[in-house]
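Subject: Structure handover

Hello,

Here is the structure I said I would pass on.

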Amino acid sequence: MALTYDLARAPDLSAFLRKDKDGSAHLELLVKGARCAACMSKIESAVASLPDVSMARLNLTEGRLAVRFASPRGDTARVVATLDKLGYPATPFDPAKAAEAHDQESRRLILALAVAGFGAGNAMMFSVPVWAGLFGQELGPATRSIMLWLSAIVATPCAIYAGLPFFESAWRSLKAGKANMDVPISVGVILTLFISFVETFLNGRDAYFDAAVSLLFLLLIGRWLDHRLRARARSAAADLLALQAPAATVLGQDGLERIKPLSDVAVGERILVRPGERIPVDGFIEDGVSELDNALLTGETAPVDVRPGDTCRAGAVNLTGQLRILAIARSEDSAVAAIARLVEAGAQTKSLYVRLADKAASVYVPVIHSVAALTFFGGLAFGLGPREALLRAVALLIITCPCALGLAVPAVQITASARLFRKGVLVKSGAALERLAEVDHVVFDKTGVLTEGRPRLIEAPAEALALAAPLARASAHPLARALAAEAGPGPRATDVVETPGQGVEGLIAGRRARLGRASFVGLEGVRGGETELWFAYEGETRIPFRFSDQLRPDAAQTIAALQALGLSVEILSGDLEGPVARAAQTLHIDHWRSGQTPQDKAAVIDALTAQGRKVLMVGDGLNDTAALAKAHAAMAPGAALDASQNAADLVFSGEGLEAVADSIGVARAARSRALENFGFSAVYNLGAIPLAMFGFVNPLIAALAMSGSSLVVTLNALRMHGAGRR
Amino acid sequence: MGIILILAPISMALGLAGLGAFWWTLRSGQYDDPAGDAARILMDDSDNRIG
């Protein structure tokens with residue numbers, strides 16, 4: 001079963017080939033659709049059997065294929081053609097764009113977690129005899145001293161290494177003149193280690209080495225969970241970024257086609273855009289007639305006709321004919337980039353959001369630290385020695401450690417996002433969930449969000465449909481395809497000739513027929529409001545087929561659910577007034593605006609924010625990205641443009657809109673779980689503070705109290721598993 | 001007393017060995033592709049020769 005190799009269609013990807021020092025070269029490809037073990041062996045064996053390929057390995061988790069070539073001029077085209085034949089479309093992937101640094105951070109946290117786990121376990125082992133000694137068992141002072149020193153040897157290096165992420169973050173925060181959660185953690189750990197050393201030197205019994213490391217261990221679990229949540233979303237976003245700007249087909253002086261990374265396309269180069277491809281840069285059409293779908297740029301549903309001499313903007317989709325365009329702007333200067341800058345500005349305002357845990361810390365830090373200071377000075381005033389006073393103050397810091405704070409929120413958020421993930425919603429960060437829970441106003445884009453975003457046939461008699469179907473099946477035009485989908489499988493027309501931007505002509509059972517725009521079947525000056533297609537046998541009556549973009553089946557239900565949750569709903573669309581008004585009326589939405597430009601949409605969001613509303617924006621188009629970035633929280637459907645998915649906090653897949661209402665429900669449940677956890681911590685601390693102040697805390701009680709509170713908080717977070725289940 | 005001085009270093013050495021082993025699995029990329037590794041274990045080596 002040899003694979004035949006079609007040279008004519010294979011693009012040249014040599015620009016993405018990376019050369020290695022030893023004379024070999026490698027290529028990274030993002031492979032779509034590889035999801036199972038069978039795919040993996042099929043892909044790897046097919047690619048590895050190509051000449052010149054020395055290694056092919058697929059990362060099934062991330063869907064990336066690494067190919068190594070024996071020579072520096074590897075035949076990249078052949079690899080892509082082979083994958084294409086197997087049914088897995090591949091895109092070149094620039095690993096520089098993947099967050100390499102981020103991966104380092106993740107590895108460092110895991111290692112710190114492992115070190116802290118090792119330290120906590122082993123220090124605890126030496127603590128057990130000391131704890132036993134607290135109950136009057138026989139433990140001579142010499143043995144206790146040995147145990148404490150062993151404990152110190154294990155715990156101190158571990159605590160310093162595992163504590164580094166916290167120390168660094170605390171230092172950064174202090175330099176910025178603020179105190180985040182990591183400040184009390186760092187102060188607590190450093191003071192604890194210090195006082196424990198003093199105690200060990202003085203042959204005392206209150207050394208808290210084990211407590212310091214296990215505190216870090218528990219906190220690192222929370223830190224790592226939070227990081228993982230963001231890392232998963234970020235790698236999804238990095239994949240999208242890599243996909244978003246893959247390449248343009250540039251026609252060289254020699255007439256050869258060459259695939260270039262988008263950033264390398266220069267002004268004045270000639271670019272080939274095939275039907276179904278996106279216009280890569282702003283350009284001037286030199287050759288070809290086609291229709292452009294600007295839906296993602298402007299929200300308009302009707303395609304725009306273009307011919308030589310017209311200009312086209314980056315981001316539009318070429319629908320019917322092949323176009324040759326002359327680049328008039330570089331990728332960074334194209335229309336898309338202007339929107340990208342708006343998005344960046346929005347993302348900056350979002351990063352100013354103060355997270356729940358940091359809000360809690362801003363109350364917690366001053367209170368706990370003043371109580372600790374009070375304990376120390378109060379102890380001195382009431383005649384305790386400086387050593388005993390300091391011990392009580394430190395015991396207070398340890399026992400009120402913000403473990404619950406550090407673990408409470410990430411544990412809730414990771415369970416909440418796991419729930420949403422199973423429902424097909426990708427949550428990009430914990431902060432996104434917190435913002436989503438605060439939302440009180442929802443703004444929807446119409447095309448592709450409330451509606452399905454693709455034309456569907458309306459009001460056509462069955463016999464007319466049967467007449468036109470054979471021609472429709474032979475055409476690649478989106479409207480014809482919608483018609484063919486409605487008609488189901490059946491015979492195809494023969495001798496088919498497709499005229500780009502006009503329609504399709506062919507023989508149906510020996511009779512010549514045409515399907516296309518009104519003028520194509522000989523009607524002049526007819527143009528309805530809806531998108532339409534006309535069918536005619538030669539010299540006979542013309543039959544119109546009208547298409548409209550249908551509302552998603554559960555749109556009305558979702559809007560009602562949102563309104564029941566107490567949220568107000570609004571539509572902001574770039575489409576014409578008619579379709580927007582109709583959609584709003586069907587869905588019982590009172591507030592709607594049509595004809596909005598990307599800037600208008602962003603301005604509306606800004607105005608609502610200025611009124612103190614917390615807005616959730618749900619949008620899919622490039623024209624929504626600025627609004628998505630500026631809104632308090634943002635969601636995009638999985639079918640949305642990559643840029644929109646990047647700007648959104650949550651991405652939902654699947655046909656339904658119900659994910660919007662579900663997500664808000666889960667986010668609110670997560671928020672109340674997190675608040676419960678804070679409440680629990682507050683009550684617990686209120687009980688613990690007097691104990692520590694009056695000197696009832698010893699190392700055993702500190703260790704029990706700490707792990708006990710963390711356990712309660714985690715169990716409460718796990719209740720999220722059932723939240724929002726219907 | 002003497003036994004503690006023998007057993008304590010041994011226990012620490014065992015713990016360190018575990019930590020080192022974990023570090024090695026992390027460095028050699030054993031957590032990079034869990035889905036792929038789960039599938040790879042089921043593949044026969046002979047599959048690679050059929051192409």
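I begin with helix 15 of chain A, which covers residues 478–487. Its buried residues are A:Pro478, A:Leu479, A:Ala480, A:Leu483 and A:Ala484. A residue is buried if 20 or more other C-beta atoms lie within 10 Å of its own, exposed if 12 or fewer, and partly exposed in between, with C-beta atoms placed from the backbone. Helices (H or I, at least four residues) and strands (E, at least two) are DSSP runs, numbered from the N terminus. Just after helix 15 of chain A, A:Gly488 has a positive phi of about 80°.

Two notes on the source. This is a predicted model, in which local features need pLDDT of at least 70, side-chain atom pairs count only at pLDDT 80 or more, and totals for chains, interfaces and linings use all residues. Residues are numbered from 1 along each chain as its sequence is written, while chains are lettered from A and ligands numbered from 1 in the order in which they are written.

On confidence: pLDDT is the predictor's confidence in each residue, from 0 to 100. Chain A has a mean pLDDT of 79, with 84% of its residues at 70 or more. Within chain A, the lowest mean, 57, belongs to helix 8 (residues 335–350), and the highest, 92, to strand 16 (residues 441–444). For residues 1–10 of chain A the pLDDT is below 50, and this stretch has 10 contacts beyond near neighbours in sequence. Two residues are in contact if their C-beta atoms, placed from the backbone, lie within 7 Å.

Next, a helix pair. The axes of helix 5 (residues 182–201) and helix 10 (residues 386–399) of chain A come within 10 Å and cross at roughly 140°. Axes are lines fitted to C-alpha atoms, for helices over the stretch in contact, and angles run from 0 to 180 degrees between N-to-C directions. Helix 5 of chain A is therefore oblique to helix 10 of chain A (under 35 degrees is roughly parallel, over 145 roughly antiparallel, 65 to 115 roughly perpendicular, and the rest oblique). From helix 5 of chain A, A:Gly188, A:Leu191, A:Thr192 and A:Ile195 meet residues of helix 10 of chain A, including A:Leu390 and A:Val394.

Last, chain B. Chain B has two helices and zero strands, and buried residues make up 0% of its 51 residues. The contact between the chains takes 21 residues from chain B and 22 residues from chain A. Helix 1 of chain B gives the most to the side of chain B that touches chain A, with nine residues.

Regards
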